[in-house]
Amino acid sequence: MQRLLGLIQYKDEFDEQLENLDQLMYWKIKFHLDLIRETVYLVIEEEKLLGVAYLIKRSGFLHIDKELAFHEIILEHYIDSEALNQEEILSLLLGQMKKECDRISEDYPGKRIMIKCWEPEEEHERIEMYLKNDFIIGRGAPILVRKLDNVKNYDFSKPQYLNIQTDYDNETLEIKELTMEDNFLDEYEKANGNAFVIPDSIGDLAFKMNGPDVKVFAVMKGKEIISSLMIWECSEKRAATENIFCIDTYRRKGITSALIEYVCAYLKAEGYEEASLTVYQDNLPAFHLYEKMGYRYEKFNFGIQYETGYKAIEY
């Protein structure tokens, strides 16, 4: 006899099952400040947890008052790899997340609210499922990878300095790892907001910094952050080099390149063999910089999105 799947809002009684299913998702549901808690839904079968999905506010949505083309919310989900009815589970979760997007859109008339997630190019069947559920393929991001065998060696026991020429003077900057004890979040938000139209979420940064593998490196002028880069472990041999930026008045001076080179050397010293990053497909200046730094194309991540009122072309 076929068992019926149930779709319910999250209950604490499923904490242990969720932590066993995916520990990172458990931590996000419990501790991430940007999580929209009423959007956390579970698919269960006779009290067994098979899947979970939720929405997390992205920086554009956190600045809903600004006039942006659209305001993104991140969709994350996880399905038990041993579940037999994966397609049905995903369809239930996507259907509920669409309803949540529609509900949120009603609260912000005149604003384009979009939920978005990422799928690697090899996930053909899953991408097809999104399209069947009124999602569309949007802006994507290739994954670039750099081999670390030929990076320069550094003495990490000593301070690392950069001497640069500005429009007015010679300046000496320092490359260093930042920790929560440095109380750098306000300065990071200021620098990040200078580098991008919309700054990254400090709630998301704080969540990542409390994890076991995430580290932030920066080029500093005193207590001012000039450029920054974040790393975390992807696998035993690979680490991510992400969230890379430089404030506008210090661009084109080799600062970000020097920071990337330093961090790649640090990763090599830590035993990693590769560094990876993602970059939006239309960000050609960044793509060319990373290519110059030795990163090479590995594969493509599709941006999959849903927006109230928009329908996918029949697939």
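This is a predicted model: local features need pLDDT of at least 70, side-chain atom pairs count only at pLDDT 80 or more; totals for chains, interfaces and linings use all residues.
Once its neighbours within four places in sequence are left aside, Lys98 is in contact with Ile115, Asn133, Asp134, Phe135 and Tyr306.

## Aromatic pairs

A pair of aromatic rings is described by the distance of the centres and the angle of the planes. By the rule applied here, the count comes to 15 aromatic pairs. Phe135 and Tyr306 form one that is tilted, with 5.6 Å from centre to centre and 45° between the planes. This pair links distant parts of the chain, since Phe135 belongs to the loop between helix H5 (124–132) and strand E6 (136–147), whereas Tyr306 belongs to strand E13 (residues 296–307), 171 residues apart. Phe135 counts as buried because its relative accessibility is 0%, and Tyr306 is likewise buried, with a relative accessible area of 5%.

The rings of Phe156 and Tyr266 are arranged edge-to-face, because their planes stand at 85°, with the centres 5.8 Å apart. Here too the pair links distant parts of the chain: Phe156 sits in the loop between E6 and strand E7 (160–165), Tyr266 sits in helix H8 (residues 255–269), and the two are 110 residues apart. Phe156 counts as partly exposed at 31% relative accessibility, whereas Tyr266, at 11%, counts as buried. Both residues belong to one aromatic cluster, formed by Tyr154, Phe156, Phe217, Tyr262 and Tyr266.

## A charge over a ring

An aromatic ring also takes part in a contact of another kind, in which Arg139 lies over the face of Tyr280, at 3.6 Å from the ring centre.

## Helix H7

Which residues of helix H7 (residues 202–209) are buried? They are Gly203, Leu205, Ala206, Phe207 and Met209. These buried residues pack against several elements, namely helix H2 (23–31), strand E8 (170–178), helix H6 (185–195), strand E9 (215–221) and strand E10 (224–233).

The N-terminal end of H7 is capped by Ser201, a side-chain oxygen of which lies 3.2 Å from the backbone nitrogen of Gly203.

How values were computed: Residues are numbered from 1 along each chain as its sequence is written. Side-chain values use heavy atoms; hydrogens and water are left out. Rings of Phe, Tyr and Trp (its six-membered ring) pair if their centres lie within 6.5 Å; planes under 30 degrees apart count as stacked, over 60 as edge-to-face and the rest as tilted. Helices (H or I, at least four residues) and strands (E, at least two) are DSSP runs, numbered from the N terminus. Buried means under 20% relative accessible area, exposed over 50%, partly exposed in between (1.4 Å probe, protein chains only). A charge sits over a ring if NZ of Lys or CZ of Arg is within 6 Å of the ring centre and within 35 degrees of the ring normal. Contact means heavy atoms within 4.5 Å. A polar contact is a pair of N or O atoms within 3.5 Å; within protein, one must be able to donate a hydrogen and the other to accept it, and residues adjacent in sequence count only if both atoms are side-chain atoms.
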